[in-house]
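These notebook entries record what I looked up in the structure. I took the DNA contacts, the protein interface and the backbone in turn.

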Number of protein chains: 2
Amino acid sequence: MVLGKGQPNGTAQGDLGLFELPDRLGGQIGFVLNKVARQLHAMFTESLEPLGIKPQHYAVLVLLDASSPLSQQAIGQRLYIDRTTMVHIVDDLEKRGLAVRAKNTADRRKHAVSITEPARKVVAEAGRMADSVQEQYLAPLSQNERRQLLQLLKRLLRP
Amino acid sequence: MVLGKGQPNGTAQGDLGLFELPDRLGGQIGFVLNKVARQLHAMFTESLEPLGIKPQHYAVLVLLDASSPLSQQAIGQRLYIDRTTMVHIVDDLEKRGLAVRAKNTADRRKHAVSITEPARKVVAEAGRMADSVQEQYLAPLSQNERRQLLQLLKRLLRP
DNA sequence: TATTGTTATACTCTATAACTATA
DNA sequence: TATAGTTATAGAGTATAACAATA
């Protein structure tokens with residue numbers, strides 16, 4: 001997708017350069033936020049392909065890597081993932097041998113989902129992919145600006 | 001979805017509070033970006049329901065309000081929307097009487113898509129919705145921080 | 001009664017491929 | 001040959017509703 005740089009905004013009012021956004025839209029954080037999130041997500045998804053996982057799997061694995069076992073509900077609550085979606089994700093991880101389900105003996109409604117040993121290397125590798133993609137996508141920003149951006153976003157995130 | 005505030009992170013390492021993210025994930029801008037974008041998008045979608053349009057329709061209408069007519073391709077390029085997706089969006093707008101397709105006589109491959117007069121009021125109203133949702137969602141940030149956030153995001157957006 | 005996990009289903013958003021018509 | 005628009009189709013990601021097992 002070669003889009004060039006658009007015309008500098010020397011055009012008459014109401015006559016936008018080919019790739020310019022009206023102020024009304026460019027001023028909306030929502031619009032820009034959405035596009036940026038999609039672009040980064042697409043890049044990360046692509047970078048994970050060789051590992052046979054997707055961003056959601058990565059997120060769950062990071063969590064399990066930090067503390068296994070967890071119930072599916074517990075994982076979902078932390079990652080803002082619905083429990084029905086969690087079923088599919090854990091299904092995928094089990095098929096790929098990256099996680100295992102056991103019964104929680106204390107509360108037999110719950111599963112005790114754990115990361116497998118081979119998966120530890122996969123998470124590590126995926127983490128490097130994540131870093132590399134971010135490094136690439138965030139290149140326009142200084143280290144300090146990246147920290148600022150992250151802090152601002154974190155303050156917006158709702159439970 | 002009542003998630004509470006999570007435990008303060010006074011727990012032993014490896015033992016995360018119920019709603020805490022491991023540093024590895026919380027430190028990834030991608031993860032937080034994605035969730036924030038989805039939350040805002042969901043709120044905006046809901047607020048637009050009474051108007052019978054969705055965020056993509058709003059974006060196209062804003063563009064057409066600023067400069068009509070435009071070809072579908074031209075709209076899509078500015079809004080990062082695929083041309084096949086544009087077909088559906090313009091279909092929807094025509095059904096709702098918010099836009100009309102005419103043939104571009106200079107280049108008869110192209111459509112000349114224009115906003116309709118009644119639609120001008122809809123865009124204006126939708127714009128107020130957008131402002132209100134943003135005001136609500138961005139409440140944790142000062143005016144200055146909102147500007148910062150927008151500027152940082154805009155610098156990331158790729159063509 | 002409430003919670004955990006499951007299943008089936010469906011919706012949103014988007015993109016790919018193949019086509020028509022115009023240039 | 002390339003571009004604009006269309007169509008059919010499919011995929012990813014997510015959610016809703018109904019259910020079983022367990023608390």
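**Entry 1. A term needed for the DNA contacts.** I count a polar contact as a pair of N or O atoms within 3.5 Å. I also note at the outset that this is a predicted model.

**Entry 2. DNA strand C.** I looked up polar contacts to the phosphates of DNA strand C. For B:Gln56, a polar side-chain atom lies 3.4 Å from a phosphate oxygen of DNA strand C. B:Arg108 uses its backbone: a polar backbone atom is 3.0 Å from a phosphate oxygen of DNA strand C.

DNA strand C is surrounded by 21 residues, and the closest are A:Gln72, A:Gln73, A:Arg83, A:His111 and B:Arg109.

I asked next which helices supply the surface near DNA strand C. At least two residues each come from α4 (72–79) and α5 (83–95) of chain A and from α5 (83–95) of chain B.

**Entry 3. DNA strand D.** Of the atoms of DNA strand D that come within 4 Å of the protein, 65% are accounted for by sugar and phosphate.

I looked up contacts to both bases and phosphates here. The side chain of B:Arg83 has an N or O atom 3.0 Å from a base nitrogen of DNA strand D. For B:Arg109, an N or O atom in the side chain is 3.1 Å from a base oxygen of DNA strand D. On the phosphate side, A:Lys54 places an N or O atom of its side chain 3.2 Å from a phosphate oxygen of DNA strand D. The elements that give two or more residues to the surface near DNA strand D are α5 of chain A and both α4 and α5 of chain B. I recorded the classes of this surface as 1 nonpolar, 9 polar and 11 charged.

**Entry 4. How the two protein chains are related.** I superposed chain B on chain A: a rotation of 180° with 0.0 Å of shift along its axis does this, with an RMSD of 0.1 Å. That is the relation of a two-fold axis. I also compared the interface residues of the chains. The copies meet through the same surface, because 100% of the interface residues of chain B are also interface residues in chain A.

**Entry 5. The interface between chain B and chain A.** I find 61 residues from chain B and 61 residues from chain A in the contact. About 6,100 Å² is buried between the chains, and carbon and sulfur atoms give 67% of this area. B:Ile29, B:Arg78 and B:Leu156 supply 11% of the area that chain B buries against chain A, more than any other three residues.

I counted 4 salt bridges between chain B and chain A. B:Glu145 forms a salt bridge with A:Arg155, with the closest N and O atoms 2.8 Å apart. Residue pairs in polar contact between the chains number 25. Which element gives the largest share of the side of chain B that touches chain A? I find that it is α2(B), with 12 residues. That side of chain B divides into 35 nonpolar, 16 polar and 10 charged residues.

**Entry 6. A salt bridge within chain A.** I noted a salt bridge between the side chains of A:Arg120 and A:Glu117, at 3.3 Å from N to O. These residues are separated by about one helical turn, because they are 3 residues apart in helix α6 (residues 117–137) of chain A.

**Entry 7. Backbone exceptions.** Most residues other than glycine have a negative phi, and most peptide bonds are trans. I therefore looked for departures from this pattern. The peptide bond that joins A:Ser68 and A:Pro69 is cis, with omega about -5°. A:Pro69 lies in the loop between α3 (55–66) and α4 of chain A. In chain B, the peptide bond from B:Ser68 to B:Pro69 is cis, with omega near -5°. A:Tyr80 is not a glycine, yet its phi is positive, about 60°. I place A:Tyr80 in the loop between α4 and α5 of chain A.

Terms used:
Residues are numbered from 1 along each chain as its sequence is written. Chains are lettered from A and ligands numbered from 1 in the order in which they are written. This is a predicted model: local features need pLDDT of at least 70, side-chain atom pairs count only at pLDDT 80 or more; totals for chains, interfaces and linings use all residues. Side-chain values use heavy atoms; hydrogens and water are left out. Copies are superposed by least squares on the C-alpha atoms of residues with pLDDT of at least 70 in both. Contact means heavy atoms within 4.5 Å. A residue is near a molecule or strand if one of its heavy atoms lies within 4 Å of it. A polar contact is a pair of N or O atoms within 3.5 Å; within protein, one must be able to donate a hydrogen and the other to accept it, and residues adjacent in sequence count only if both atoms are side-chain atoms. Helices (H or I, at least four residues) and strands (E, at least two) are DSSP runs, numbered from the N terminus. Buried area is the accessible area (1.4 Å probe) that two parts lose on being put together, summed over both. Ala, Val, Leu, Ile, Met, Phe, Trp, Tyr, Cys and Pro count as nonpolar, Asp, Glu, Lys and Arg as charged, and the others, Gly among them, as polar.
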